[in-house]
Amino acid sequence: MSDVERTKLSGHQYKKRRLENETQRQKQAGALKTYLQNTSSSTKTKDGSEKPTSNLVIEEKTESSKSDDDKKIDNISKSTRTGSNPLPNENTLKIGINPTPTENELQTLSTDPALWPRILGDADRSFLMRQGPPEPLYNYKFPSDDTGRKFSANYYNSLAKEGFKSWKHLVETLKDHEISKNHIQTQKSWLELSQRLKGCKTIDAAAQRIINAETNHWYEVLLRIVAITKMLGKKCLAFQGTSDKLFEHNNGNFLKIVELLSEFDPIMEEHVRRVLKKEETKAHYLGKNIQNEIIDLLHQSVKSDIINQIKKAKYYSIILDYTPDVSKVEQMTLVIRYVSINKSDSNEVEIKISESFLGFLPVERSTGKQMSEIIIRELNDLGLNLQDMRGQGYDNGANMRGGKAGVQSRIQNVNSRAFYVPCRLTLKPLSDTRWESRIEALKPLRFYMGDVYDALLSIYENQDIDNLIRDEASGLLNCIKQFKFLCSIVIWYKIINCINPISKLLQTKGFDLASALDLLQNCKKFFEDLRSDKSFNETIVDARELADEINVEANFESTVPRHRVRRKKTNFSYEARDETIKDPKEQYKTEFFYFTIDRALNALDARFEQLSHHSNYLQFLYDIYDSKTMSKETLLTHCKDLESILTDGDSVDINGVELTEEISAVSALLGKKESPNDVLKLLTTLNFAPNLNVALRILLTLPITVASGERSFSKLKLIKNFLRSTTTQNRLNSLAILAIEHEIADQINLREIIKKFAELKSTDPNPTEGSAPKKKDHNKIGGSVGIDWRSKDW
């Protein structure tokens with residue numbers, strides 16, 4: 001065999017090294033939890049009130065009598081700029097965040113001795129010494145054995161962890177145990193360790209005080225970083241800039257807020273000092289990877305809260321809409337509508353109709369098949385039962401509302417009780433935009449036409465203005481001087497002024513189906529009355545007033561067609577030829593006035609025909625009080641019909657016969673006409689009429705508009721704008737849910753977020769920034785640098 005030294009390890013040596021590394025990782029798993037412990041306590045003063053103290057300083061010492069370890073602690077607790085104490089206390093937490101968690105909240109050792117590990121560590125023994133043995137369960141009824149004997153709370157502190165079941169010899173066994181050598185030696189060790197812990201005279205007391213100081217420092221730093229991240233996410237603000245270093249221009253909002261806090265907060269001041277002094281720390285938690293992890297934790301917290309509320313409500317509806325983002329990706333918004341019922345401590349019931357945003361779903365092809373598959377897959381991933389869906393609310397696109405291949409029909413093939421409700425009041429066939437919301441743009445032309453005309457005329461006559469602008473002003477003047485244009489302004493203002501308030505009312509979450517139908521019926525009647533010669537003549541009178549204001553003749557201009565008018569061929573003798581309308585006034589009335597109103601009427605009829613179909617089954621639930629005037633046969637028929645549409649195979653939501661009796665009983669309890677929301681509140685308070693309770697919840701779950709989905713697009717444009725077009729889908733959804741569901745985000749417990757963050761870092765097999773330092777990135781704030789969470793070296 002050659003004497004050349006082996007350059008590559010053998011298979012046995014590789015296996016041995018791998019086993020050693022695996023053993024080391026298992027020993028260090030969860031080591032971070034031992035650092036995140038609160039050392040604060042309280043002592044009672046003479047007047048009986050509690051005064052907070054800190055276990056970090058056990059006894060007062062003079063400067064000359066301090067040990068080297070005590071001086072190290074003092075150095076950690078001092079700031080180089082202000083000399084203030086960066087360690088957490090009640091006076092330093094003044095930025096609206098949660099205090100340091102207590103030791104009991106982070107300790108995972110069970111109070112049941114049978115569940116303790118066979119070998120207790122130092123932290124476990126210290127915890128047991130401070131907490132003492134568990135309190136006896138004096139009020140607990142222990143089970144009896146076959147002979148009728150049972151455990152007593154008097155034996156609680158005296159039994160071994162394996163338990164005891166020979167009750168006949170219990171007293172003798174306990175007496176022998178108490179005078180045994182093992183018990184006396186163990187009791188002695190307990191008392192000695194207790195005295196050493198109280199006096200902080202253990203061997204590693206000084207090292208533990210240093211660890212506790214560092215633990216508190218890093219906990220407070222993370223608390224502020226999480227708070228900054230949540231604030232920026234809620235306000236749709238950008239995190240990063242062109243630079244990722246502290247105290248540099250254009251380093252982003254996140255680092256600028258850190259710099260601002262460091263000027264007033266001693267905790268962040270000390271942290272920034274350590275970061276700038278590179279040899280003191282490699283961990284900073286200010287880079288983009290840590291930001292993404294914290295954003296994702298905040299997002300998951302809000303999302304899980306929404307999912308829990310939806311599951312508690314059971315029945316829900318989906319609201320979908322889609323739009324392209326700045327990078328030309330079709331983003332489909334998913335909004336869930338549900339009825340949440342909450343009871344306060346005083347037994348007061350609150351009924352709240354919620355429409356919660358759950359994310360954007362990228363769509364490659366906007367076909368009904370692919371979109372329905374994406375929706376069903378997403379609902380399954382969220383843990384929502386598709387059979388609990390009771391409503392679908394989409395816009396009026398053919399791929400969404402199609403009765404054969406649309407999304408609504410494909411979902412109804414899976415769940416026949418997922419009723420489709422047309423949810424948009426718009427005259428989109430007349431315009432590419434939702435022009436009913438642009439009434440404010442028409443008001444100046446309708447009521448201040450003279451001022452607008454004079455302003456354009458002054459621009460045109462001003463020789464100092466650019467010729468291109470003067471030409472545009474001249475073109476606008478020529479359009480305004482046409483009498484047809486003035487008539488169109490009057491007509492459009494009437495139409496939009498009717499639709500705009502109805503559209504706003506329908507966008508409210510608590511608006512019910514019956515009220516929506518009443519408004520739409522009034523809107524339809526308005527258009528029918530508008531389509532008359534009388535209304536047309538009134539329009540001409542109003543237009544003449546505008547013409548007199550700008551000194552224009554009130555005459556319809558004759559238009560010469562640019563091409564020869566095509567005549568339609570007649571195939572039968574009884575067909576008449578269409579005569580060309582030569583009168584400009586009649587031509588305008590036929591081709592514009594009637595045409596516009598007819599298209600509006602057709603749009604209203606087509607959009608809400610199915611809405612009326614659902615209302616026929618649910619109409620009687622909107623007025624429970626007046627149901628007492630119905631005959632029992634009529635009421636039973638309505639309830640039976642409702643039972644039939646709420647039945648899918650063997651699954652039935654309500655019983656029609658029982659619902660009839662419940663409505664009769666509830667109508668007798670009501671003293672006046674109540675809304676479905678108020679009736680549901682009464683039923684929940686009384687815990688009465690389960691079938692009517694379910695029917696009302698389903699009724700309030702049905703969506704009326706897709707306004708909530710459209711509102712989410714506003715946040716989409718703020719988050720993923722031209723400067724942030726490369727935002728990933730995961731980050732987009734996380735930031736969007738923080739911004740849209742900001743009320744839930746305000747209730748997030750930052751203490752829990754830090755705890756999850758610590759668990760993530762202590763168990764991550766592939767740690768990113770803050771856990772695996774890279775030598776080349778130590779000087780870069782955005783680099784993947786930091787300490788090893790699995791080691792004991794901070």
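Let's start with helix α22, residues 632-645. It has 14 residues, and at 1.5 Å a residue they should span 20 Å; the end C-alpha atoms are 20 Å apart, so the two agree. The expected span here is 1.5 Å times one less than the number of residues. Helices are DSSP runs of H or I with at least four residues, strands are E runs of at least two, and both are numbered from the N terminus.

Some ground rules. This is a predicted model: local features need pLDDT of at least 70, side-chain atom pairs count only at pLDDT 80 or more, and totals for chains, interfaces and linings use all residues. Residues are numbered from 1 along each chain as its sequence is written, and side-chain values use heavy atoms, with hydrogens and water left out.

Back to α22. Which of its residues are buried? Leu635, Cys639, Leu642 and Glu643. Buried means under 20% relative accessible area, exposed means over 50%, and partly exposed is in between, with a 1.4 Å probe and protein chains only. Down the axis of α22, the buried residues fall within an arc of 105°, so they line one face of the helix. That arc is taken from the directions from the helix axis to the C-beta atoms.

Now the whole chain. It has 29 helices and 9 strands. Of its 794 residues, 43% count as buried.

Next, aromatics. Rings of Phe, Tyr and Trp (its six-membered ring) pair if their centres lie within 6.5 Å; planes under 30 degrees apart are stacked, over 60 edge-to-face, and the rest tilted. The count comes to 14 aromatic pairs. Take Tyr588 and Phe592: ring centres 5.2 Å apart, planes at 25°, so this pair is stacked. Both sit in helix α20 (residues 584-607), 4 residues apart, so about one helical turn separates them. Tyr588 is buried, at 7% relative accessible area. Phe592 is partly exposed, at 22%.

Two arginines sit over rings. The rule: NZ of Lys or CZ of Arg within 6 Å of the ring centre and within 35 degrees of the ring normal. The charged end of Arg446 is over the ring of Phe447, 5.1 Å from its centre. Arg470 lies over the face of Tyr460, 5.5 Å from the ring centre.

Last stop, Lys582. Where is it? In the loop between α19 (533-549) and α20. Lys582 is exposed, with a relative accessible area of 76%. Its C-alpha is 8.4 Å from that of Ser558, 24 residues apart along the chain.
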